Amino acid sequence: MRRLTRSELASRVGPRAPSDAFWRRAIDRGEAALGVGADAVDAAAGEEGSDGDDPTEPLDAGDIVDVGDHAFVVVGNDRTAAGGQIYRIELVADRDEG
């Protein structure tokens, strides 16, 4: 499990990082699906460490992405026919809510 900032996520998913509008909709809905192209998936696999402990995908289930005052957790992923990934993310409930 990794904890990433929005900018760290952007560097992992390639040239078309999620926009401000994407994040606003995700926060409003409490969930979203983030598509990542095959080029970003292949690049992450190429960075795998020799010990085999490093992730081979831009995101893995359980990873957390911090977006301002909100956080999203990756709850699942599906491979696309073109070799990319679709990551399902859900908003983590605020700890201050009663």
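## Overview

Of the chain's 98 residues, 31% count as buried, meaning under 20% relative accessible area, with exposed meaning over 50% and partly exposed in between (1.4 Å probe, protein chains only). This is a predicted model, where local features need pLDDT of at least 70, side-chain atom pairs count only at pLDDT 80 or more, and totals for chains, interfaces and linings use all residues. Residues are numbered from 1 along each chain as its sequence is written, and side-chain values use heavy atoms, with hydrogens and water left out.

The chain has three helices and five strands. Both kinds of element are DSSP runs, numbered from the N terminus: helices are H or I with at least four residues, strands E with at least two. Their order from the N terminus is β-α-α-β-α-β-β-β. The chain exposes about 6100 Å², and carbon and sulfur atoms supply 45% of that area. Areas come from the Shrake-Rupley method with a 1.4 Å probe; for residues, only the protein chains shown count as cover. Among contacts with a separation of 6 or more, 49% come from residues 24 or more positions apart. Contact means heavy atoms within 4.5 Å.

## The sheet

Five strands make an open sheet with mixed pairing, in the order β1-β3-β4-β5-β2. Two strands pair if DSSP finds at least two bridges between them. β1 (3-5) and β2 (31-36) are the edge strands; each has a single partner strand, so one side of each lacks a neighbour in the sheet. On average, neighbouring strands are turned by 30° against each other, direction ignored. Axes are lines fitted to C-alpha atoms, for helices over the stretch in contact, and angles run from 0 to 180 degrees between N-to-C directions.

Strands of a sheet pair through backbone hydrogen bonds, either parallel or antiparallel. β1 and β3 (residues 64-67) run parallel and are joined by three bridges. Leu4 has Val65 of β3 as its bridge partner. β4 and β5 run antiparallel, with seven bridges between them. Here Val74 stands opposite Ile89 in β5. The hairpin of β4 and β5 has five residues between the strands, and Gly83 takes a positive phi near 95° in this hairpin. β2 and β5 are also joined, by six bridges in the antiparallel sense. Val36 has Gln85 of β5 as its bridge partner.

## Helix α2

Helix α2 (residues 20-29) lies across β2, β3, β4 (70-79) and β5 (85-91), and runs at about 145° to β2. Its buried residues are Phe22, Trp23 and Ala26. Seen down the axis of α2, they fall within an arc of 95°, so they line one face of the helix. The arc is that of the directions from the helix axis to the C-beta atoms. An α-helix has 3.6 residues a turn, so residues three or four places apart point the same way.

The buried residues of α2 pack against α1 (6-13), β2, β3, β4 and β5. Turned away from that buried side is a face with the exposed residues Arg24, Arg25 and Asp28. Gly30 follows α2 and has a positive phi, near 85°.

## Aromatic cluster

The structure holds two aromatic pairs. Phe22 and Trp23 form an edge-to-face pair, 5.0 Å centre to centre with 80° between the planes. Trp23 and Phe72 form a tilted pair, 5.4 Å centre to centre with 50° between the planes. This pair links distant parts of the chain: Trp23 sits in helix α2 and Phe72 in strand β4, 49 residues apart. Rings of Phe, Tyr and Trp (its six-membered ring) pair if their centres lie within 6.5 Å; planes under 30 degrees apart count as stacked, over 60 as edge-to-face and the rest as tilted.

Together, Phe22, Trp23 and Phe72 form one aromatic cluster. Phe22 and Trp23 are buried. Phe72 is buried too.

## Helix α3

Helix α3 (residues 38-46) has Ala40, Val41 and Ala44 as its buried residues. They cover an arc of only 100° around the axis, which puts them on the same side of α3. The buried residues of α3 pack against α1, β2, β4 and β5. The face of α3 turned away from its buried side carries Asp42 and Gly46, which are exposed.
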